[in-house]
Amino acid sequence: MGHVNLPVSKRNTRQWRLLDIVSAAFFGLVVLFFLLVFTRLGDSLAASGRQTLLLSNADPRQRQRIMELVEAGQKQAIEACPAAAVDHMPCEDPRRNSQLSREMNYYRERHCPPPDETPLCLIPPPDGYKIPVQWPESLHKIWHSNMPHNKIADRKGHQGWMKQEGPHFIFPGGGTMFPDGAVQYIEKLGQYIPIKGGTLRTALDMGCGVASFGGYLLAEDILTVSFAPRDSHKSQIQFALERGVPAFVAMLGTRKLPFPAFSFDLVHCSRCLIPFTAYNATYFVEVDRVLRPGGYLVISGPPVQWPKQDKEWADLQSVARALCYELIAVDGNTVIWKKPTGDSCLPNQNEFGLELCSESDDPNRAWYVKLNRCVSRTSSAKEAISVGTIPKWPDRLAKAPSRAGVVKKGLDVFNADTRRWERRISYYKKSLNLKLGTPAVRNVMDMNAFFGGFAAAIRSDPVWVMNVVPSHKPATLAALYDRGLIGVYHDWCEPFSTYPRSYDFIHVSGIESLVRYPGFDKRRCNLVDLMVEMDRILRPEGTVVIRDHPEVIERDDGAVYPSDPVTLFIGHLVA
C-alpha cells in the first residue's frame with residue numbers, strides 16, 4: 001500500500017508535543033552550556049557554590065573559640081577549607097561582588113567580607129599539585145595541574161597567549177596586540193623610547209593578560225607591575241604569578257590604584273579596553289598621577305586608529321594635548337606619548353573640564369581613595385624625580401631619594417636601613433640556611449617593607465619582591481619606587497589581592513605592628529586571621545620569616561640575631 005502524506009494539521013498531535021519538548025530541551029541545554037562557558041554567569045554560579053561551602057566553615061562560635069585558644073597560647077589546629085575553595089580570594093568574590101553596581105566597574109574592585117563572615121580555614125592546593133617549574137623556565141611553561149583552567153588557552157591560544165601541551169601550559173609570549181611575540185613588540189617600542197640602558201626601570205602594565213609583556217621586559221632590567229581584574233578570563237593573574245612575573249589583582253574603577261604618585265617610568269596598555277576619556281577623562285587623569293614626569297605612556301589597540309572608533313581616538317588625542325603630552329609616534333594601532341616634566345599646561349578652557357588639583361592635595365594618598373577629578377601637580381613632589389633626571393638603574397637603588405624625607409631625618413634613616421638589611425640578609429643566608437638565592441625562590445613578598453631595604457639586599461638573587469607598605473604607616477612607598485623597586489599600599493587587616501599559592505617566600509618584620517593601632521596597644525584586627533591569610537598566599541613548601549620582639553614570638557621557635565633584640569620565626573609550609 002502506498003504512503004499517504006497527511007497535511008500538517010492532520011498529523012499526530014502527541015508526536016508534535018514530544019518533538020517540541022525534545023527540541024526545546026536540546027536548545028535549552030545548548031543555551032545553558034553557552035552561558036556557563038562563555039559568560040560571567042558560569043563563573044558567578046560556580047563562585048556561589050564555592051561560597052556556600054566556605055560559609056559552612058564560618059561558624060562564628062567555632063571561630064571565636066579557636067581565636068580564644070590561640071590567643072591563650074594553646075596549640076590549635078585549623079581545619080582545611082573545602083576543596084572547591086582552591087582558588088578563593090576573599091575580596092574578589094564574584095558571588096558577593098556580582099550584586100554590586102556596574103557603574104565604573106565598581107563591582108570588580110576590592111570588596112572584603114567582614115571578619116565574622118571570613119572562614120577560618122586553610123585553603124588546600126588542587127589535586128595533582130606540583131612544586132612550580134623554576135625560573136626562568138617557568139616564563140615559558142608551567143604545570144597544568146597547578147591551575148587546570150583551560151578557558152584562556154581555548155579563547156586566546158590563536159593569539160599566542162598560551163596553549164596546553166601534555167602536562168604543561170606553554171606560553172609562546174604573544175598577546176592580542178602582539179600575536180608574534182612580546183620580544184618583537186618590545187623591539188618595536190625600542191625604536192621610540194629608551195628601553196635599554198637603565199633610563200626606564202619601573203613599568204605598569206594595565207589589563208596585562210598573562211603578563212608576557214612584563215615578563216619579557218625583565219631581560220632589559222625593567223621591573224613591571226602587571227595587573228588585571230578577576231573577570232571572565234578568570235585566572236590571568238594566577239597564570240602570571242605561576243610564571244614568576246610580578247602581578248596582582250586590581251581594577252581601575254572608582255578608586256585610585258594602590259600606588260603613590262609619579263611611580264612608573266612607563267605605563268602600558270595593550271588592548272586593556274580602559275575607557276580613558278570616559279567620565280571627563282578620569283581614567284587618563286589617574287594614569288597621569290602614577291606616571292613619572294618625563295615618563296612614557298603606550299596604548300596599543302582600541303581606540304588608536306581603530307575602525308568605527310574615530311571619535312574615541314580623537315577624544316584620546318584631545319586629552320593628551322590638554323595635558324601637554326608630547327606625541328612621540330603613532331605606529332599602526334600603537335600610540336606613544338611622553339609626559340611633560342613640569343606642571344600640566346592645562347588651558348583655562350578644555351572640553352573635559354580638567355583642572356589642576358589644589359596645592360593642598362596629596363597625590364600619594366591612594367588606599368581606598370576615590371579617583372581624582374583633577375590633575376596632580378608634579379610640583380607637589382618638589383624633587384628631582386623625572387625620567388632623565390633621576391639616576392639610571394642600577395645607580396638609583398643605592399642613592400637615597402629625596403622623597404625619603406617623608407620620615408624625620410629620612411636620608412639618614414634610609415642609609416641606616418640599607419646597611420642594616422645588608423647585614424641581616426648575610427645572616428639569613430649564612431646562618432639560617434634559607435633558600436634565598438636558589439632557584440627554589442622566585443616570588444617574594446615583604447609585608448612591611450618601609451624603604452625596601454630587604455628587597456635591595458637580595459637584588460642579585462633571581463627573585464622579584466612585592467614590597468607592601470601598610471596603609472596606616474608612613475608613606476614610604478614613593479621613595480621605594482624612586483630607588484627602582486616595586487610595591488603596593490595595603491592594610492593587613494584585610495586579605496591581599498592575589499590568588500592562593502602566589503609566593504615562595506614571605507618576610508615580615510614587626511608582624512604585631514601590622515594589626516595594632518599606631519602608638520597604641522589595642523589591636524585593629526586579629527593576628528590569627530593574618531596568619532591564615534599568609535598561609536593562603538604562600539606556596540606549598542614555601543618559607544615564612546617573621547622578625548619581632550621575643551614577647552611576640554617564643555624564643556624556642558626561632559633563632560636570635562646577635563645584634564638585634566628580636567626573635568626570628570622561620571616556618572616552612574608542608575606540601
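By contact I mean heavy atoms within 4.5 Å. The model is predicted.

**Entry 1: R289**

I found R289 in helix α9, which covers residues 278-290. Is R289 buried or exposed? I count R289 as buried because its relative accessible area is 1%, and buried means under 20%. Leaving out residues up to four places away in sequence, I listed what R289 touches: K256, L257, F259, P260, A261, F262, P363, A366 and S376.

**Entry 2: N146**

Next I looked up N146. This residue sits in the loop between β1 (141-143) and α5 (151-156). N146 is buried, with a relative accessible area of 1%. Which backbone atom does the side chain of N146 reach? I found the backbone nitrogen of K130, at 2.8 Å. K130 is also among the residues that N146 touches, again not counting those up to four places away in sequence.

**Entry 3: strand β10**

Then I turned to β10, residues 334-338. I noted that 4 of its 5 residues are buried, so the strand is mostly covered. How many bridges join β8 to β10? There are 5, and the two strands run antiparallel. In this pairing, V298 has I336 as its bridge partner. Strand β9 (residues 326-331) is also joined to β10 by 5 bridges, antiparallel. There, D331 stands opposite T334. β9 and β10 form a hairpin with 2 residues between them. In the turn, G332 has a positive phi of about 65°.

How values were computed:
Residues are numbered from 1 along each chain as its sequence is written. This is a predicted model: local features need pLDDT of at least 70, side-chain atom pairs count only at pLDDT 80 or more; totals for chains, interfaces and linings use all residues. Side-chain values use heavy atoms; hydrogens and water are left out. Buried means under 20% relative accessible area, exposed over 50%, partly exposed in between (1.4 Å probe, protein chains only). A polar contact is a pair of N or O atoms within 3.5 Å; within protein, one must be able to donate a hydrogen and the other to accept it, and residues adjacent in sequence count only if both atoms are side-chain atoms. Two strands pair if DSSP finds at least two bridges between them.
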